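Student: I'm new to this one and would like a close look at a single part, a piece of sheet. Could you start there and then walk me outward to the rest?

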Amino acid sequence: MTAQAPRIALAQFNPVVGALETNARRMREFVDQARAEGAHLVMFPELALTGYPPEDLLLRPAFLDAVDAALERLAEASIGIDLLVGAPRRIEGGLANAAVWLRNGAIHASYAKHILPNYSVFDEVRYFHAGHEPCVVQLGGWRLGVTVCEDIWQPAPAAHARIAGADVLLNLNASPFHRGKPAERSAVVAARVAETGCPVLYVNQVGGQDELVFDGRSFLHPGPEGSPQALLDPWQEGLALVELEAGDAGRPRPVAVAPEGVSPLPPAPAAVSEADSSAHAADAEVADLYAALVTGIRDYVDKNGFPGVILGLSGGIDSGLTAALATDALGPERVTAVMMPYRYTASMSVEDARAQAETLGLDYHEVAIEPMVQAFLGGLDSALASVPPAPGDVTEENLQSRSRGVVLMGLSNRTGRMLLATGNKSELAVGYATLYGDMNGGFAPLKDVSKQWVWRLARWRNTLGEAIPARVIERPPSAELAPGQEDTDSLPPYPVLDAILEAFVEEEASVADIVVRGHPREVVERVARMVLRAEYKRRQGAPGVRVSPRAFGRDRRYPITSGYRPE
């Protein structure tokens, strides 16, 4: 190692789960770039070689054999530069979620993740055995302690590394995004820095993987007297360089280095008023959520090899926002929008769908579904005659939705473009959606986005240039399946509904607790019953981007058949 301060490269990487050779090739490209910038070590995210989470691929011995072979080939790139690579590794007693230190063409050291998360979207106890030994490696005069993701969220692993002699902590992450998560990470790392006195270099995965999205946001915390410093922009790949200089009292002081030809990191923003700061934070939160949804759509479509997407454009806000998101994710040439009017469709809905498609430059079609619905009704006449409609009968309404679903799936089959479902979290929560109709689709971008957030996102997107007609945002929402229909005919007003749903679904609050917050008991009980009764629908729905702390899907697993009644 040279006498200069050791230079560490953090590779913010977007892997494809299971694509070992593709991932290894991209990692070698990062290594080449880091080598050209004078780096002595390249850090990659948790399980970067396999992508995170590899799930039950880890149960296949042949897959693990391929991982071992890919890691051995990757080690060839470690001549003259060290690599710290996240990969599964067989150990005595099972499999480790490991950080493997490669040096001079071979494995120099290995660390098994200590804290295996088994909550929310995480299921690591299913696959991995926890490690217990610290890992500290010398680099250019400094002793670098290794930790993996969840290890930094608990005091013990960092403390063990410090006791073993670590001067700096290197933390490899595949930390999924949800609203508020970046601030949580900063606070957790600051706590470990305060406890150990060690600076922390934090590298995170970026990109979409099925329901999960990873925002990157790799950063450093320089030590107890400092504060977290962003190294890389969210939602995109990148390489950041950090030098470990000698600071006060012989402690290491990590300093971000701008690569040659790249502008240095921007300075901290100037002071602003409290009101301006609050408004900026609110806008930033909405912008971050929008970027998460765009990332989820783009990577789901591209990593699965679809040429584009198709969606029903109804002239309503959910499909309008979905169209804008898909266009921003894929480009207008890869988005097909279809308006499918029926006798109850308002003329303004057709006008607004046309206008939005023209504004965004989409491939746009109109297909009237009147003949299809009438054909279905006619075909069912004899059977329906013996079963007179009960009050609130939705047969005709659902036939409209299912006719639209048939049209969209037919176009998807013919073009190869994947169908996007456009329903939001509020509707899916209470079952205000039609199986085999508007729930059709391979991916549901708004699955974890409540109606209130749909409006916020739509308004924010239009500040960048109108992408959604203003009338679509401002008009009362309606499924337009019956004359004069509005959503409030069947549901509480969305501000009320979303507040109850956030408490009941995301916080697991009881009916009594929600009533104390000021909501009528009969409304809360009705919403709670609707949520539990609709579980069978959600089980048949498409995956969608997880952006809240508690989404339907991986991290909320309720039984379909259940005698539980909330109180």
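Tutor: Let's begin where strand β17, residues 335-339, pairs with β18 in the parallel sense over four bridges. In these labels, strands (E, at least two residues) and helices (H or I, at least four) are DSSP runs, numbered from the N terminus. Two strands pair if DSSP finds at least two bridges between them. In general, strands of a sheet pair through backbone hydrogen bonds, either parallel or antiparallel.

Before going on, keep in mind that this is a predicted model, with residues numbered from 1 along each chain as its sequence is written. Local features need pLDDT of at least 70 and side-chain atom pairs count only at pLDDT 80 or more, while totals for chains, interfaces and linings use all residues, and side-chain values use heavy atoms, with hydrogens and water left out.

Now step back from that pair. β17 and β18 belong to an open sheet of four strands, in the order β18-β17-β16-β19, with parallel pairing. β18 (363-366) and β19 (418-419) are the edge strands, and each pairs on one side only.

Follow the chain out of β19 and you come to Gly-423, in the loop between β19 and α10 (425-430). Is Gly-423 buried or exposed? Its relative accessibility is 14%, so Gly-423 counts as buried. Here buried means under 20% relative accessible area, exposed means over 50%, and partly exposed lies in between (1.4 Å probe, protein chains only). Leaving aside residues up to four places away in sequence, Gly-423 touches Leu-446 and Lys-447, where a contact means heavy atoms within 4.5 Å. Asp-448 is 25 residues from Gly-423 in sequence, and their C-alpha atoms are 9.5 Å apart in space.

Tyr-436 counts as partly exposed because its relative accessibility is 48%.

For antiparallel pairing, go to strand β14, residues 238-246. Seven of its nine residues are buried, so β14 is largely enclosed by the rest of the structure. Strand β1 (residues 7-12) runs antiparallel to β14 and is joined to it by six bridges, with Ala-9 opposite Leu-241. β14 also pairs with strand β15 (residues 252-257), again in the antiparallel sense and over six bridges. There, Leu-244 has Pro-254 of β15 as its bridge partner. The hairpin of β14 and β15 has five residues between the strands, and Ala-249 takes a positive phi there, near 55°.

The peptide bond from Tyr-52 to Pro-53 is cis, with omega near -5°, and Pro-53 lies in the loop between β2 (41-43) and α2 (61-74). Ser-120 is in the loop between β5 (106-112) and β6 (136-139). Ser-120 has a positive phi near 50°, although it is not a glycine, and it counts as partly exposed because its relative accessibility is 26%.

Arg-89, in strand β3 (residues 82-91), is also partly exposed, at 27% relative accessibility. Not counting residues up to four places away in sequence, Arg-89 touches several others, among them Gly-94, Leu-95, Ile-107 and Ser-110. Val-137 is 48 residues from Arg-89 in sequence, with 19 Å between their C-alpha atoms.

Finally, zoom all the way out. The protein has 16 helices and 19 strands, and its C-alpha trace spans about 85 × 55 × 50 Å along the principal axes. For 567 residues, a compact globule would have a radius of gyration near 24 Å, and the 26 Å of this protein agrees with that. That radius is taken over C-alpha atoms, and the globule rule is 2.2 Å times the number of residues to the power 0.38. Buried residues make up 53% of the 567. Of the contacts with a separation of 6 or more, 73% are between residues 24 or more positions apart.
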